[in-house]
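Me: I am new to this structure, and I would like to learn how to read its features one at a time. Could you take me through them slowly?

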Amino acid sequence: MKSDIEIAQEAVMKPIGEVAAALDINSDELELYGRYKAKLSDELTERIKDNDDGKLILVTAINPTPAGEGKTTTTVGLGQAFGRLGKKSVIALREPSLGPCFGIKGGAAGGGYAQVVPMEELNLHFTGDFHAITSANNLLAAMLDNHIMQGNALRIDTDQIVWKRCVDINDRVLRNIVVGLGRKADGVVREDHFIITVASEIMAILCLADDMNDLKKRLSRIIVAYNYDGEPVTAGDLLATGSMAALLKDAIKPNLIQTLENTPAIVHGGPFANIAHGCNSVRATKIALKLADYVITEAGFGADLGAEKFMDIKCRMAKLRPDAIVLVATVRALKYNGGVPRDELSEENMDALRKGIVNLEKHIENIAKFGVPCVVTLNRFVTDTDNELDYVKKYCEDRGCSFALSEVWEHGGDGGIELANKVIDTLDNKQSYFQPLYPDDMSLEEKIETVAKEIYGADGVTFDVSARKSMERLTKLGFGHMPVCMAKNQYSLSDDPTRLGRPKGFTVNIRDIYVSAGAGFVVAITGTVMTMPGLPLHPAAERIDVNDEGKITGLF
């Protein structure tokens with residue numbers, strides 16, 4: 001089998017105008033970035049605003065493991081399968097971050113014969129959206145420090161600065177730094193911090209804003225610090241809103257590319273689901289719904305993170321209603337959850353499968369709490385046995401879930417026909433009664449406890465003293481009505497990444513709480529989760545290269 005990048009580099013791509021035509025997009029409604037990439041213009045958004053919405057399908061997964069689940073691969077393959085069935089459909093994905101591309105996880109273009117292309121461009125600079133977000137974030141940081149240096153008319157307390165700089169690379173040494181060293185003219189000395197770009201509030205704002213007007217309102221509400229009286233100081237107070245919006249003028253427009261089978265893919269935004277809200281942009285999803293009969297989107301990591309935030313944050317704010325959910329698992333990952341070492345996952349082990357399938361069970365139960373019908377799909381590996389496949393199929397059907405095998409990694413759209421038909425059957429015969437997990441008027445503490453107990457299966461929640469004080473302060477400032485964005489490790493339902501399967505008898509500890517006032521949610525940080533990842537011992541960057549002909553190797 002060829003590598004993902006080899007398959008992608010051999011793809012026969014169509015000019016992006018031909019791909020757009022399948023969605024009835026006119027050539028003058030595209031802003032071209034070469035032959036195979038384009039941004040969707042505001043004129044298109046205006047023209048289609050009164051179209052009927054298509055069906056919204058969310059793809060999520062069990063908790064990720066080193067064995068792999070293939071959520072993005074399944075999303076892409078399902079879109080290709082809809083194309084083979086002659087359905088007017090589009091996939092809507094997030095953009096990859098350079099952090100995992102050069103770190104350990106790799107890119108986010110799918111895999112095998114279910115990929116979006118051009119793969120290298122998507123995984124690297126793409127259309128510059130992340131650069132624009134990084135620049136806007138750091139412009140605000142620079143204006144904040146300049147204001148303090150130039151006399152501090154807003155009386156900003158330098159011990160209560162909450163805005164952090166960002167960069168789209170895993171770089172642990174930037175987590176905690178000191179700025180302003182040197183001469184008096186070099187600024188005020190203070191402690192500062194970096195986060196990865198996908199954790200920036202500006203990333204969340206871009207992905208939740210309806211239009212430029214909404215974007216500017218959200219940017220102006222960003223809280224950068226507190227003054228000596230404990231009152232919030234915002235980006236609007238610093239007069240930074242307009243310049244940040246100017247940097248984001250093009251980044252707010254969704255991007256159109258294609259799959260290996262030339263079906264359309266709208267790719268826009270990229271917040272991580274373990275430290276942010278994990279969904280592509282509202283604009284991209286809404287445009288997709290106006291362009292196609294079926295929209296297939298994904299949310300990051302497992303359903304305890306991405307799917308929960310998709311429904312409790314994105315759908316709540318954007319008034320979206322998912323019609324069906326596809327839950328992705330693999331036999332290998334279920335056995336890993338059952339205690340099998342990575343080097344033994346190719347061997348049939350029914351005892352481990354029975355033990356590990358409780359992780360899938362919990363995610364099925366969680367999806368049911370939102371009232372959306374679920375289809376479980378197994379991303380099939382050649383080492384899976386009939387006994388294992390039959391066991392998982394019966395397990396799912398006994399719990400009222402439709403089930404289908406997915407072989408899109410090996411066979412592309414053809415390998416997703418069974419899944420596509422099951423999804424269509426579900427859409428035709430099962431009603432979605434979507435509702436968020438909790439109401440707006442529930443207190444922040446109750447919202448956090450609800451997610452921890454109902455979704456993670458925790459017995460309760462504990463709060464560090466500083467986190468509780470922050471929660472009380474934010475409530476007094478009027479942010480208690482906002483949804484919560486739980487920052488939690490992706491590997492376990494608990495806040496301990498080593499507890500696999502379906503942990504019981506645990507509490508979730510909240511280490512810190514802060515508000516993303518522009519995005520419109522409160523972030524609760526659990527355990528030891530970091531907003532600036534580090535590189536592993538042997539990062540993927542060591543294996544990536546480009547030859548004399550400009551061909552990139554080692555990217556995956």
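This is a predicted model: local features need pLDDT of at least 70, side-chain atom pairs count only at pLDDT 80 or more; totals for chains, interfaces and linings use all residues.

Me: At what angle do helix H15 and helix H16 pack?

Reply: Two packed helices are described by the angle between their axes and the distance between the axes. Helices are DSSP runs of H or I with at least four residues, strands are runs of E with at least two, and both are numbered from the N terminus. Axes are lines fitted to C-alpha atoms, for helices over the stretch in contact, and angles run from 0 to 180 degrees between N-to-C directions. Here H15 (residues 358-368) packs against H16 (residues 386-397) at about 30 degrees, with the axes 11 Å apart. The two are therefore roughly parallel, given that angles under 35 degrees count as roughly parallel, over 145 as roughly antiparallel, 65 to 115 as roughly perpendicular and the rest as oblique.

Me: How many residues of H15 are buried?

Reply: Buried means under 20% relative accessible area, exposed over 50%, and partly exposed in between (1.4 Å probe, protein chains only). Eight of the eleven residues of H15 are buried, so this helix is largely enclosed by the rest of the structure; among them are Leu 360, His 363 and Ile 367.

Me: How do the axes of H12 and H19 cross?

Reply: The axes of H12 (residues 303-318) and H19 (residues 444-456) come within 11 Å and cross at roughly 125 degrees, which makes H12 oblique to H19.

Me: How many salt bridges does a search of the whole structure find?

Reply: A salt bridge is a side-chain nitrogen of Lys or Arg within 4 Å of a carboxyl oxygen of Asp or Glu, and the search finds 36. One of them joins the side chains of Lys 88 and Asp 24 at 2.6 Å, N to O. Both lie in loops, so the pair ties together parts that are 64 residues apart in sequence.

Me: Which helix holds both Asp 214 and Arg 218?

Reply: Residues three or four places apart in an α-helix point the same way, because there are 3.6 residues a turn. Asp 214 and Arg 218 both lie in H9 (residues 212-221), four residues apart, and they form a salt bridge whose closest N and O atoms are 3.2 Å apart. Asp 214 is buried at 16% relative accessibility, and Arg 218 is buried at 9%.

Definitions and conventions
Residues are numbered from 1 along each chain as its sequence is written. Side-chain values use heavy atoms; hydrogens and water are left out.
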